[in-house]
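User: Can you walk me through how the helices and strands are arranged here?
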Amino acid sequence: MTASARGALTAWAAPWRARWQALAARERRLLALAATVVAAFALWSVAVAPAWRTVRDAPAELERLERQWQEMQRLAAEARELRATPPLPPGQATAALEASTQRLGGAARLVVAGDRATVTLNGVDGVRLREWLTEVRSGARAQPVELQLTRSAQGYSGSVVLVLPGGST
């Protein structure tokens, strides 16, 4: 610290030092105690509490990450399994797609054009839609490339565009 800075600091602190000396011993102890409490609170807030929270929350976070890792492993295994399955001939894929779409009843209409199929849905509930998509993906080996769905009280309505095996995505 330079001499001028030290002098400025001394000049600034002089009134505070004089005020401190003018206080009674009991008042100085109370102010020191208050300063200690404030410093302890600041130390707790900045250093200890965040570390304590991390230690407390770590087991639950590790469990959540482990579940997420297992789900990713399951999906990776499913992807490897799907890649390993032999391709379906286009006619067989179309037949499987038609059969799964017919199980949705009048709520679905299928239009096949080349290697793409468009399914128009009207009021299909979420469970049936998920089951249908799973069946289409595994049975017909079709990939959904575009979904335009809206949800209402009757279920999902809109269209799903699928690419059949051998088509381009």
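Predicted model: local features only at pLDDT ≥ 70, side-chain atom pairs only at ≥ 80, totals over all residues.

User: At what angle do α3 and α4 pack?
Analyst: About 165°, with the axes of α3 (residues 90–102) and α4 (residues 126–139) 9 Å apart. Helices here are DSSP runs of H or I with at least four residues, and strands are runs of E with at least two. Axes are lines fitted to C-alpha atoms, for helices over the stretch in contact, and angles run from 0 to 180 degrees between N-to-C directions. That makes α3 roughly antiparallel to α4 (over 145 degrees).

User: Which residues make the contact?
Analyst: Ala96, Leu97, Ser100 and Thr101 on α3, against Trp132, Glu135, Val136 and Gly139 on α4; contact means heavy atoms within 4.5 Å.

User: Now the sheet. What is the strand order?
Analyst: β1-β2-β4-β3, an open sheet of four strands with antiparallel pairing. Two strands pair if DSSP finds at least two bridges between them. β1 (108–113) and β3 (143–152) are the edge strands, each pairing on one side only.

User: How many bridges join β2 and β4?
Analyst: Seven, between residues 116–124 and residues 155–163. Thr118, for one, has Val161 of β4 as its bridge partner.

User: And where does α3 lie relative to the strands?
Analyst: Across β1, β2 and β4, and α3 runs at about 165° to β1.

Definitions and conventions
Residues numbered from 1 in each chain as written. Heavy atoms only, no water. Parallel < 35°, antiparallel > 145°, perpendicular 65-115°, else oblique.
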